[in-house]
Amino acid sequence: MCFYKWNHFYVRLLSLHGLFTVTVKIMSVYLVVFIVLTYLIWIKCIYYRHRPTLVKSLQRVVNVLSSREINGDDVRVLIVTAHPDDECMFFAPTIINLVELNADVHLLCLSEGNYYKQGAQRKQELLNSCAVLGIPDSRITVVDHKKLPDDPKAEWSVPLVSSIIVQHMRARSFNVVLTFDGSGVSGHANHTAIHKAVSRLAFTGQVPNDCCLLSLVTVGLLRKYISFLELPFSWLLPSSLRCIVGPQGYRRAKDAMFCHRSQLLWFRYLYITFSRYMFGNTFQMIPQGPTNLKMY
């Protein structure tokens, strides 16, 4: 009799344990679904809040003290890149947002991308890409200089790059200059050379007082390749300027990338799909004056 009771109790205990295990698994699934949905809703809220936040950031950057929404007369932007395709691989969300605000956006590309002797083709691809992004040909300058070859092993002359950039800055009275940071997003030597050149201008006081220098933040490998799921991190971390695009903006960025047919190797398709730079950019201010210690 005792054995029977114990056996009955053991069976009931196993049943309760099984029921508890199933309940825990179901609750775990619900929890995961809740977390994923909450995260996606958060991203949706970021899209809705982005536009007014962008306007306020631009007002701070260009020192517009009025409470009115800024327009193209207030923002004159020079984006400095190293090669054709940099504009859409790294800066597309920024260009799309600025064009939608009717800002006066110009592009200075410091090489034709002639590493594989495709300079003429890549220059035309750049023009096509910028047309998709909203920059007309008249606002695009492509430099073809023998001392600035498209080559990851080439050491670009920092004084030469500085002089080219400052000439363009003064010619159009830009009040915002955007370029790479010290890591150059991909670590490309030509990208980092541009940052050194802009930092040199900042250090030597050659930048007009009403001009703000901003560098595109390089993120780690994991953040770089989790697509739009990275956006909450960009939203929470401090930055001087933040530009985000939704599905429609992403399609424009992707269409701009597809204009660079000569560069569409298999891994570029992975980049288009998974890179956070197709969905968002964050910028930090480049300090001006002697506090920007490194002299190049």
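In this predicted model, seven strands form an open sheet of mixed pairing, arranged in the order β3-β2-β1-β4-β5-β7-β6. Its edges are β3 (140–142) and β6 (241–244), each of which pairs on one side only, and the twist from one strand to the next averages 20°.

- Strand β5, which spans residues 212–216, is mostly covered, with five of its five residues buried.
- Cys212, Leu214 and Leu216 point one way from β5, while Leu213 and Ser215 point the other way, and all are buried; in a regular strand the side chains alternate between the two faces of the sheet.
- On the β4 side, strand β4 (residues 176–180) runs parallel to β5 and is joined to β5 by five bridges, with Val176 having Cys212 as its bridge partner in β5.
- Together with helix α6 (residues 189–203), strands β4 and β5 make a β-α-β unit that is right-handed.
- With strand β7 (residues 280–285), β5 pairs in the antiparallel sense over three bridges, and Ser215 has Gln284 as its bridge partner in β7.

- Strand β6 runs antiparallel to β7, and four bridges join the two; the bridge partner of Ile244 in β7 is Gly280.

**Helices on the sheet**

- Helix α3 packs on the sheet, where it touches β1 (76–81), β2 (104–109), β4, β6 and β7, and its direction makes about 85° with that of β7.
- Helix α4 (residues 119–133) lies across β2 and β3, and runs at about 160° to β3.

**Packing of α3 against α9**

- Helix α3 (residues 92–100) and helix α9 (residues 247–258) pack with their axes 10 Å apart and at an angle of about 115°, and α3 passes α9 in a right-handed crossing.
- The contact is made by Ala92, Ile96 and Glu100 from α3, together with Gly249, Arg252 and Ala253 from α9; by class, this contact of α3 with α9 has three nonpolar, one polar and two charged residues.

**Ser162 in helix α5**

- Ser162 is found in helix α5, which covers residues 158–172, and Ser162 counts as buried because its relative accessibility is 1%, where the cut-off for buried is under 20%.
- Leaving aside neighbours within four places in sequence, Ser162 is in contact with Ala197, Arg200 and Leu201.

Terms used: Residues numbered from 1 in each chain as written. Predicted model: local features only at pLDDT ≥ 70, side-chain atom pairs only at ≥ 80, totals over all residues. Heavy atoms only, no water. Buried < 20%, exposed > 50% of the residue type's maximum accessible area, 1.4 Å probe, protein only. Pairing = 2+ DSSP bridges. Right-handed = clockwise from strand over helix to strand, strands pointing away. Axes fitted to C-alpha atoms, helices over the stretch in contact; angles between N-to-C directions. Left-handed = near helix turned anticlockwise from the far one by under 90°. Contact = heavy atoms within 4.5 Å. Nonpolar A, V, L, I, M, F, W, Y, C, P; charged D, E, K, R; others polar.
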